Amino acid sequence: VHTLKVETGAHLEMVDVTAGVRRVVKEAGIARGICHLFVPHTTAAITINETTDPNDRGDMIAAFLKRLPIGGDCLTEEGGAVSHVLSSLIGPSENVLVEEGRLVLGTWQAIYLCEFDGPRSRNVLLRVMAE
Amino acid sequence: VHTLKVETGAHLEMVDVTAGVRRVVKEAGIARGICHLFVPHTTAAITINETTDPNDRGDMIAAFLKRLPIGGDCLTEEGGAVSHVLSSLIGPSENVLVEEGRLVLGTWQAIYLCEFDGPRSRNVLLRVMAE
Amino acid sequence: VHTLKVETGAHLEMVDVTAGVRRVVKEAGIARGICHLFVPHTTAAITINETTDPNDRGDMIAAFLKRLPIGGDCLTEEGGAVSHVLSSLIGPSENVLVEEGRLVLGTWQAIYLCEFDGPRSRNVLLRVMAE
């Protein structure tokens, strides 16, 4: 199990961890397989969405997530439970295909740690399974 | 494929299946790998979130899910379609890393079957893949 | 990596890709394992839900997704950001167990590509991992 350490800087934040994941996959030296990502936290999640380059789309997505009406209230106005609900809606695990030793991501895709109760120290766990 | 059988007791419920999953992983006898979880139902889901010990956070999460406004209405006021939407939002599959023969879960994480149209008899399917 | 090509025909649509996935799994010739599905797009997703046969439940689910209130507005009234949020809520990856060379799906389950910014040409990537 490889661990990427992430320091988040806000209550709600999406942190691009793509470069770190690519590095782990490269070091694993596996030509074909699956890269499993897992967040061992209950108020964070992992997702894949539009890269912030060049248009800061990540911030826009975070702004929308912040406004998701859950239980009639929004994330910023509630305590821990809304953070937990967002964690399950986005989910703690993702899988990305590996081909020729590289992550198979779409042109505009990036991998994000989603922070729903920061700022905190977070971990992203990875395991690369060979075909 | 291993099957955990779960009897749910309410229309909306989160049932902690962590102990059963740990038992299957232990019996599989695999040191390092991935535990794949899958719910073969369209009005249920699987997620990982805050353990209910010691603070009944699970019930709090369920209460929030129940109040998610979907199509302007809530789960309890609608028929099957809202149950199906929640099933896709939470999702039918999860993956957990296995290390030294054990599930790698965060300190506060537990695995839940989410019931969105109970009470019913449900199955959680598991496969443990070795590295 | 196998690729299923899908042409979507509407802004929001759920396209049943189960038959194509079953074909890839059959051709892979693997008795026991996991079928990994991945959508390399940021305004689409993959999910498993009620088969449209015989009752067009898929359209009903799409209708509900369309009415999800995100940021106080709905998908049809907003630009790209809502499409991205739905992409992360449903998610870009799914995994299905394979047993005796076949997908292990529930009686009523089908696999759907979710289009949130169509019509477009989309890809579903697949890798079948043997146990």
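Two residues are said to be in contact when heavy atoms of each lie within 4.5 Å. In this predicted model, Val21(B) touches Leu4(B), Cys35(B), Leu37(B), Leu103(B), Ile111(B) and Leu126(B), leaving aside residues up to four places away in sequence. Val21(B) also belongs to the largest nonpolar core, which holds 87 residues. Within that core, the members that touch the most others are Val21 and Ile111 of chain A, Val21 and Ile111 of chain B, and Val21 and Ile111 of chain C.

A search of the whole structure finds three cavities of 30 Å³ or more, and the largest cavity has a volume of about 210 Å³. Its lining consists of 22 residues, and those nearest its centre are Ser93(A), Glu94(A), Ser93(B), Glu94(B) and Ser93(C). In each of chains A, B and C, helix H3 (80–90) and strand E5 (93–99) each supply at least two residues of this lining. By class, the lining comprises twelve polar, seven nonpolar and three charged residues.

Confidence remains to be considered. For the complex, the predictor gives an ipTM of 0.88 and a pTM of 0.91. Chain A has an average pLDDT of 84, with 77% of its residues scoring at least 70. Within chain A, strand E3 (residues 33–38) has the highest confidence, at a mean of 98, whereas helix H2 (residues 57–66) has the lowest, at 59. Over residues 70–78 of chain A, pLDDT stays under 50, although the model has 22 contacts beyond four places in sequence for this stretch. Where pLDDT is low, the predicted coordinates should not be read in detail.

Methods: Residues numbered from 1 in each chain as written. Chains lettered and ligands numbered in written order. Predicted model: local features only at pLDDT ≥ 70, side-chain atom pairs only at ≥ 80, totals over all residues. Heavy atoms only, no water. Core = buried A, V, L, I, M, F, W, Y, C linked by side-chain atoms within 4.5 Å. Buried < 20%, exposed > 50% of the residue type's maximum accessible area, 1.4 Å probe, protein only. pLDDT = per-residue confidence, 0-100. Helix = DSSP H or I, 4+ residues; strand = E, 2+ residues; numbered from the N terminus. 1 Å grid on protein atoms, 1.4 Å probe; cavity = no way out; pocket = protein on both sides within 12 Å on 5 of 7 lines; lining within 4 Å. Points joined across faces, edges and corners; volume = space filled by probe spheres on them. Nonpolar A, V, L, I, M, F, W, Y, C, P; charged D, E, K, R; others polar.
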